[in-house]
Amino acid sequence: MEASFNQPQRQSKIGILVVFLYSLQQVVRAFLPLILIYFVKPSKINPLYLYSCIVIFLLLLGIVSYFRYRNFTFFIDDKNNEFVISEGIFNKTKTAIQLEKIQQVNINQSFIQKIIGVYALEVDTAGSAKKEGAIKAISHQLALALKSRLLDNEKKMGQTEESQLHTDNEVIEEPKPFIKIGFLTLLKIGITSNYLRSIGLLFLFYSTVQENLRNFSEKDYLDGSQFEDFFEAQTILRGVLIVGIVLVVIVLIVNIVRTIVKFFDFTISKQKGSLLLSHGLFNTKSTIIKPEKVQITTITRNFFQRKMDILEIKIQQATSSEGEAQKNIIEIPGCSESEKSEILKLIFNTIPQKGLMLKPNWRRLVFSLFLGIAVPLSFYLGFGYYLEPLAFDYVFVAVGYTIFAAIVLFFGYRNSRLFVNENYIIIQGGAWDVDNKIIEIDKIQALTTSQLFWHKSPDIGSITIHTAGGDVHFSLGNFTKVQHYVNLWLYTVETKNVNWM
């Protein structure tokens, strides 16, 4: 199949149905509370009148969807080196994106698109918190060809018009994966990671169900009385143990299901010097990563993952804000050591090595213990002594918290390190999940050092490394050494001209 994008073209014809279904989905979501109320408490509306309004509404939505499809075009302007998208019905807009500013191109397939047999393509740059361009219905082959043109790593300097035309019309082959994450590996990742995220999802689910039940009934179905009755029937220790076991089982199940659904059939392919990631059970997502755009690469591993020979890699590219950087982190789950080495070689052309090591001062551990243990225990003792003496009946909870917090803070301090070599900075941290964040010195945007007045005598301070993909911190290291490296890194950044935007 020949792919040329020099002239404006529309989406696949079936895109009319995709636009219609997405518009209908948005309307249904907007009026979902009213729809639920109608079915729970039907009003005295004439069914014929109701169904007539629905038919008219669907017809109008279909007409709007047709014109939205008809007026949507896209092409690549080689003269101005831009990707141009035109859209709109009454208020028409034209979006022109400079090709060299494109950070990421995603090829996604939602459940609706998977049924219809089309794909969506999203274009992202570092200048905005949202996707600058989105095409909702094109074939997979066309999406691959367009993505390849938008993120072509091979510079076309010195090409003639004839050779350029040949490049534009070349056959785009499906890239072959060189790494594939299997079901068993995803199962291991689901068992050994993201516990806090799953607990957060459970809490959100509980809160949502509770709120919806309250909206439809005055009775509080999920109040605390059930738990009080349960604990009255058990001894306190036995009750806590049972609840703990049930919570662990639920968290593991949620974790496993979430991991498998999100990362199902995870494959990594090479495409013209870039990484192509594809995954997803219901919503298939394909992301292409240009190595020169990568800002922070994080390798994460815990004790269980080390025993199973698996790890996780997270990649951050340039974004418009710190919050957006955290939201758009690209995850690669379940890599082995050899697979990690292959990915790092593709991103950095080498495997970054840990160089000279800086440790945090012991005062960091003392300060963490003060904030994490001494302060909470002071509030607990004050509450029990002055307000509610019954709080001392649960002193075993305070003891358990103290032991747990002390272990977490100690290992967090022990694992905190900053490694420096000629080209890379590696910042290590974490108590259970140990992260190693790799930053190329050439991609540093700014450096911030700080030192409190009582830290001047022991000569300790902190540093924050700012990149276009987010910030990285290292606290209470030797301030003289930190300042030395800051001056060296600033000199390196100023004397090198590296194009990573």
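This is a predicted model: local features need pLDDT of at least 70, side-chain atom pairs count only at pLDDT 80 or more; totals for chains, interfaces and linings use all residues.

Visitor: In the hairpin of S2 and S3, which residue takes a positive phi, and how many residues are there between the strands?

Guide: The residue is Gly 88, whose phi is positive and near 120 degrees, and the hairpin has 5 residues between its two strands. Residues are numbered from 1 along each chain as its sequence is written, and side-chain values use heavy atoms, with hydrogens and water left out.

Strand S2 covers residues 82-87 and strand S3 residues 93-98, and the two pair in the antiparallel sense over 6 bridges, where strands are DSSP runs of E with at least two residues, helices are runs of H or I with at least four, and both are numbered from the N terminus, and where pairing requires that DSSP finds at least two bridges. Within this pairing, Ser 86 stands opposite Lys 94 in S3.

Another strand, S10 (residues 284-289), holds Thr 287, which is buried at a relative accessible area of 4% (buried means under 20%, exposed over 50%, and partly exposed in between, with a 1.4 Å probe and protein chains only). Beyond four places in sequence, Thr 287 has contacts (heavy atoms within 4.5 Å) that include Gln 104, Val 105, Leu 276 and Ile 330. With the side chain of Asn 106, the side chain of Thr 287 makes a polar contact of 3.1 Å; such a contact is a pair of N or O atoms within 3.5 Å, where within protein one must be able to donate a hydrogen and the other to accept it, and residues adjacent in sequence count only if both atoms are side-chain atoms. Although Thr 287 and Lys 147 are 140 residues apart in sequence, their C-alpha atoms are 9.6 Å apart in space.

Ser 416, in the loop between helix H15 (395-415) and strand S15 (417-420), also counts as buried, at 4% relative accessibility. Its side chain makes a polar contact of 2.7 Å with the side chain of Arg 364, and its contacts beyond four places in sequence include Pro 360, Gln 428 and Phe 474.

Turning to the rings, the structure holds 12 aromatic pairs, counted for rings of Phe, Tyr and Trp (its six-membered ring) with centres within 6.5 Å, where planes under 30 degrees apart are stacked, over 60 edge-to-face and the rest tilted. The pair of Phe 263 and Phe 266 is tilted because its centres are 6.0 Å apart and its planes lie at 55 degrees, and both residues are buried. Phe 303 and Phe 304, by contrast, have centres 5.7 Å apart and planes at 65 degrees, so their pair is edge-to-face.

As for confidence, the mean pLDDT of the protein chain is 82, and 80% of its residues reach 70 or more. The value stays under 50 over residues 153-172, for which the model has 30 contacts beyond four places in sequence, and also over residues 218-222, which have 9.

How values were computed. pLDDT is the predictor's confidence in each residue, from 0 to 100.
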